[in-house]
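Reader: Please guide me through the reading of a pocket and a sheet in a predicted model.

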Amino acid sequence: MGSILYRYGSRYYINMTNRCPCRCIFCVRDSTPTLGDADSLWLDREPTVDEIKDALLNTDLSCTDEIVFCGYGEPTERFDDLLVIADFIRNVLHKRVRLDTNGLGSLINGRDIVPELAKAVDSVSISLNAKDEDEYLEVTRSRFGPGSYDALIRFIKECRESIGSVTVSIVGGYISQASEEECARIADSLNVAFRIR
């Protein structure tokens, strides 16, 4: 079926879907089937909530204090299941929860998901990837087309207001140095942390 839970560095990551509204030019899944200790992150089918809980319960998580939603797809494609699993992680396993996301979850779900998300996660890492919409669409090839970048910026702002820890990131080497510097300025203007991956 593919790995549901995998370790990368000192963290464990939940791979719950391969669906994603973007086809980013730098996406690691285009170059390798695996990350960390995963056998493969390509899923034959999406694991059920119970299968994800079982994977967590049957793994020694003593080495980490945080579980991350991030795999070979966009976790908010299964937002309602994410909320259930995040609650389980926080209240049964007593671990922190981080979401790594492309920031298009509200478009994916047809509603503003940030109020619900803020009750479910401790931190969020959001892929910024570009300095403006034209560059964003060129880099991410979002299926939502024009308006995607505005939705992303709105999502970042709302997360900053509602969630304690917010980081935006870009993948280095895929946009110009000037664009990377502008992304850092955007992060600063939004009062969120910035990281080049």
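Reader: How many nonpolar, polar and charged residues are in the lining of the largest pocket?

Author: Residue classes come first: Ala, Val, Leu, Ile, Met, Phe, Trp, Tyr, Cys and Pro count as nonpolar, Asp, Glu, Lys and Arg as charged, and the others, Gly among them, as polar. Here the lining comprises 16 nonpolar, 12 polar and 10 charged residues. The model is predicted, so local features need pLDDT of at least 70 and side-chain atom pairs pLDDT 80 or more, while totals for chains, interfaces and linings use all residues. Residues are numbered from 1 along each chain as its sequence is written, and side-chain values use heavy atoms, without hydrogens and water.

Reader: What is the volume of the largest pocket, and which residues are closest to its centre?

Author: A pocket is an open set of points on a 1 Å grid over the protein atoms alone, where a 1.4 Å probe fits, with protein on both sides within 12 Å along at least five of seven lines; lining residues have an atom within 4 Å of a point. Points are joined across faces, edges and corners, and the volume is the space filled by probe spheres set on them. In this model the largest pocket holds about 1000 Å³. Its lining has 38 residues, of which Cys70, Gly71, Asp100, Ser127 and Arg197 are the closest to the centre.

Reader: Which element gives the most to this lining?

Author: Elements are DSSP runs numbered from the N terminus: helices (H or I, at least four residues) and strands (E, at least two). Strand E5 (123–127) gives the most, with four residues. Helix H5 (133–140) is among the elements that supply at least two residues each.

Reader: In what order do the strands form the sheet?

Author: Two strands pair if DSSP finds at least two bridges between them. The seven strands form an open, mixed sheet in the order E1-E2-E3-E4-E5-E6-E7. E1 and E7 (193–196) stand at the edges with a single partner strand each, so one side of each has no neighbour in the sheet. From one strand to the next the twist averages 25°, where axes are lines fitted to C-alpha atoms (for helices, over the stretch in contact) and angles run from 0 to 180 degrees between N-to-C directions.

Reader: Which strands pair parallel, and which antiparallel?

Author: E4 and E5 run parallel, joined by four bridges, and Leu99 stands opposite Val124 in E5. E1 and E2 pair in the antiparallel sense over four bridges, with Arg7 partnered by Tyr12 in E2. Two residues separate E1 and E2 in their hairpin, where Gly9 in the turn has a positive phi of about 65°.
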